[in-house]
Amino acid sequence: MNGIRRTVWSAAAVAAIALVAVACGASSSPSGTTSKGTITVGGFNFPESDILAQVYGQTLAHDGYTVNYKLELGARSIVVPALQSGQIDLYPGYAASELEYLNHGKGEATADPAETTSKLNTYLSAIGAEALTPSAAFDGNAYAVTKATADQYNLKTLSDLTGVADKLVFGAGPECKTYKFCLPGLTSVYGLHFKNTLVLDTDGPATRAAFKNGTIQVGLVFSTDADLQQLGLVVLQDDKHMIAADNVVPVIRTKAATNDVTGILNKISAGLSTNDLFTMNGEVSLQHMDADAVAKSYLQAHNYFS
Amino acid sequence: MAGGVFLDIVDPWINWNWLSTHIPTVLAALQQHVMLTAIAVATALVLSIPIGVVAHLWPAVRVPTLGALGVFYTIPSIALFALLIPYTGLTGTTAEIPLIGYNLLVLVRNVVVGLESVPPDVLDAADGMGYRRFARLVRIELPLALPAMFAGLRIATVSTIGIVTIAAVIGIGGLGQLILKGLIENFHTPLVVATILSIALALFLDLSLAGTQRIALPWSRKQ
Amino acid sequence: MVTETMSLLEQLWQWFADPANRQGSDGIPTRLGEHVQLSVEAIIIGALIALPIGVVLGHYGRFGNLAINLSNAGRAVPSFAVIVLAFQAFGLGGGPIVFALTLLAIPPMVTNAYVALREVDADVRDAARGMGYRELAQVIRIELPLAVPLIMAGVRTSAVQVVATATLAALVAGGGLGRYIVDGLARNDNPRLVAGALLVAGLALATEFSLSALERLISPRGVRLRRHPVYQPLKIV
């Protein structure tokens, strides 16, 4: 039966061509280069995390490690288990947020980065990981209002909201209702009771859209966001120091934490400032530059590649 | 900031400068997308033939099989991707398992329909010519079921391309990664580019499969 | 793994039993209501646009290729992208989501309506003309009743697709049952995630069954629905 044989051969040919095309396109990893080891760097699904992961990864790669990236993974609930199961070796964490995630919101984090990090390490050791030396670079929760709202009620600090909160709508991400330094903190430390709380996203496009169209007047952003001024948003000062030490800290699996690696990462942490975060965020969010390019120029400017 | 969004000069829908400097990124996403799709469809295709044959030969198996696959079909993909992470990790496998499951419904169903549509006269003739059961299946029935299988293959391929975009939500790339980048960074271009490429890929593969069917099975035209 | 699954089932049971999940702005009735509202709006608006177009094209037999291939082309559009595009173009809220869902709902209904009208026997048309029916009356009183089963099949396919896709609204801060899935993922709250998945699946199945029943109910007796693979239910979410 000619037709059937032709069918089978045609199908096989199509499949073969497809497979070859796909396989040819697949990149082949260079072999034979001596490498100090392989490290997989993970990151959260916001630009700053991409940048920090690239900063860590490119420095390690420059020093002779084979670096793989697993970026834009999502929230902590995906990243931390990935670390625990060894799918990633390292990620750029924020001391207070990591602690409060691991202790299921007990509220142990303080405004002191060293204290927070050592508490964090008691939890991380249980999952075979550790946090290194926290950086001075800080990116924590920040609560912003539109300029119009700030002018209307003369708002400069979070305490200023006390009288007017019940006239305003607050927007944040899904974890804000239960995260100690988010809504519970605003309620207990500042006594704020908003007219309504909307679940949007954590400092993402939905929060920004909600500000834009007036759906919310107060919202959660991150302190190093570069587009706040462009959006006409004003961050209210945390005058009662509710917000804890969300300093950038490398969180790494103990197996991967050799002296060489930790030395490199600690050096990066020491040289990183909050302003650096702000600048790099701006390059990505406002100028649409790529995180890896931004990280590279930061490293070159600070002579990490020399 | 209430200006018409379509007149958004600050951030045009396609920023050609960005696009021209990011061709490798876009192509890498496209390639990853093709790979994820190809593996899902090919695996489901291979699995669907024995499963479909069994479902066809034993009607008692058919209803529960199609029923189970049908129920699986209604579960949203994001949920399945997320649920599989603890078991299969952040790998392509996590994306592939639900995709293969979804494709199995379409492909198995079409194998069954295809086998059922073989005219009884043909079966009689084959029996009369002395074909044993298995030989009859492989050399007569399955080839005649090919048009239905091709139809299923086209549907499975096109729908897989769309669902793969959602896997980006758990970090498994492809064109969905560009969509997510556009969403998170409030940036139109990667989103628009990914949408156009995704549609183009789907149409291209659909037409290729249709063309392949025409060439390979010229007797199946128009049905 | 068995014990993990068993404890997940237990937690799931508790989640559904928990009064906090049965009331309020994040409770099942509210989320279900939001999801149904988004879906119903999209299907109705979609039908109001798609059905007249399909019927007219089918009646006159024009643009057949376009009508039939519209559903093919519609399948090729990634629903995630459409939802995000609508969000970026029109901002926050249910409106942009309904817009996106409506776009996705239209193709299957146009195709099915077109084919349904084309399937009406030429003899029937001739007979109607011979009896003196004017154009519009012919369509409404003769052709449409015969076309109803296939049209309803198209509406049913669209409806199930819309219900499934409305899950993605949660990715752009929308409401609906997708919220349980997205929030569950963000908070590592597996019972919530699974509950959301089950609720969406259940709603999709309920939509399928109820519209099937409706289809049988309003199909004129004596019209056998010829099972043409005009548009197969498509997985897009």
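This passage looks at the domains and sheet of chain A, then at a helix pair and an interface of chain B.

The model is predicted, so local features need pLDDT of at least 70 and side-chain atom pairs count only at pLDDT 80 or more, while totals for chains, interfaces and linings use all residues. Residues are numbered from 1 along each chain as its sequence is written, and chains are lettered from A and ligands numbered from 1 in the order in which they are written.

Chain A is divided into domain 1 (38-138 + 245-301) and domain 2 (141-236), with bounds from an automatic or database domain assignment. Their centres, taken over C-alpha atoms, are separated by 26 Å. Domain 1 of chain A brings 14 residues to the contact and domain 2 of chain A brings eleven; residues are in contact if their C-beta atoms, placed from the backbone, lie within 7 Å. On the domain 1 side, α10(A) (274-285) gives the most, with six residues. Helices (H or I, at least four residues) and strands (E, at least two) are DSSP runs, numbered from the N terminus.

Turning to the sheet of chain A, five strands form an open, mixed sheet in the order β7-β6-β8-β5-β9, where strands pair if DSSP finds at least two bridges between them. Its edge strands are β7 (196-199) and β9 (233-236) of chain A. Strand β6 (residues 169-172) of chain A runs parallel to β7(A), joined by four bridges, and A172(A) stands opposite V199(A) in β7(A). Helix α8 (residues 205-212) of chain A packs on the sheet, and its direction makes about 145° with that of β8(A).

In chain B, the axes of helix α4 (residues 77-88) and helix α5 (residues 92-116) come within 9 Å and cross at roughly 135°. That makes α4(B) oblique to α5(B). Axes are lines fitted to C-alpha atoms, for helices over the stretch in contact, and angles run from 0 to 180 degrees between N-to-C directions; under 35 degrees counts as roughly parallel, over 145 as roughly antiparallel, 65 to 115 as roughly perpendicular and the rest as oblique. Among the residues that meet are L80(B) and F81(B) in α4(B), and I97(B) and P98(B) in α5(B).

Finally, 33 residues of chain B are in contact with 32 residues of chain C. The largest share of the chain B side, nine residues, comes from α9(B).

Definitions and conventions. Contact = placed C-beta atoms within 7 Å.
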